[in-house]
Amino acid sequence: MNRPVEICESVTSELEKHRDEDQRIPMENYMKNHYPFFGIKAPERKQILAPLLKNYKDITEEERLETAVLLFEKPERECHYAALALLEKGIKKAPENSIDTYKQLLMTKPWWDTVDMIASTLCGGYFLRYEDKLRPYTEEWRQSDHLWVRRSSVLHQLKYKEKTDAPLLFETIDALKHEKEFFIEKAIGWALREYSKTDARAVMDYLERNEVRPLSRREGLKWLKSKHPELLER
């Protein structure tokens, strides 16, 4: 048995031991019954995974990527969360080709719970490591036929604060702002709201000059209305 298979089976087996039928149904309902669950809540899942991931801290980055792909082939959602936890531990060492795996996982059993972590944490961390790739990949992904890849293109810089490439962010929003798709509208609002905490004026100016979907506008101004309502009274 090769290492990625061994890790995948070890993680899956340990999660299976903690299956909780009482928790499974409400967790599945919360996620609109898109995927089955073991019924393990996040705090317990992290406790279960911590020693397992520690046992395999010496894996190569290629093994890490391969293990994540294998875990995403499992039906239960907790296996997918375990894959993301494993990948998060390798962010600072992510090889150049890891972006291909991240994109693959964005399109594998996608829903907001995995996509948003891949987009903002994994892809976000990757583009800080390989700065020259941020623009070309963002430009490519925002034109994708795949909804969740397009959503990801808006969220890559979500945690960047002062490091945000604002022109690229606003260009990407421009490319997607007319879509009547809830998850795109919400992502645009989220990205604007987060950036407003760094540069309120830039976000306000953008929204004054550009029409976006009502949901995007509401979400984008939510933090400013709460924390700095005086800025909107002009």
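Predicted model: local features only at pLDDT ≥ 70, side-chain atom pairs only at ≥ 80, totals over all residues.
What covers the buried residues of helix 10? Residues are numbered from 1 along each chain as its sequence is written, and side-chain values use heavy atoms, with hydrogens and water left out.

Helix 10 spans residues 166–176. Helices are DSSP runs of H or I, at least four residues, numbered from the N terminus. Ala166, Leu168, Leu169, Phe170, Thr172, Ile173 and Leu176 are buried there, with buried meaning under 20% relative accessible area (1.4 Å probe, protein chains only). Their cover includes helix 8 (134–141), helix 9 (147–155), helix 11 (182–196) and helix 12 (200–209). At the start of helix 10, a side-chain oxygen of aspartate 165 comes within 3.1 Å of the backbone nitrogen of leucine 168.

The structure holds 13 aromatic pairs. Rings of Phe, Tyr and Trp (its six-membered ring) pair if their centres lie within 6.5 Å; planes over 60 degrees apart count as edge-to-face. Phenylalanine 170 and tyrosine 195 form an edge-to-face pair, 6.2 Å centre to centre, with 70° between the planes. This pair links helix 10 to helix 11, across 25 residues of chain. Both phenylalanine 170 and tyrosine 195 are buried.

Serine 216 lies in helix 13 (residues 214–227). Its relative accessibility is 1%, so serine 216 counts as buried. Beyond four places in sequence, serine 216 touches Glu185, Ile188 and Gly189; contact means heavy atoms within 4.5 Å. Serine 216 and glycine 189 are 27 residues apart in sequence, yet 4.0 Å apart in space, C-alpha to C-alpha.

Notes:
Helix = DSSP H or I, 4+ residues; strand = E, 2+ residues; numbered from the N terminus. Buried < 20%, exposed > 50% of the residue type's maximum accessible area, 1.4 Å probe, protein only. Polar contact = N/O pair within 3.5 Å; in protein donor to acceptor, adjacent residues only side chain to side chain. Phe/Tyr/Trp six-rings, centres within 6.5 Å; stacked < 30°, edge-to-face > 60°.
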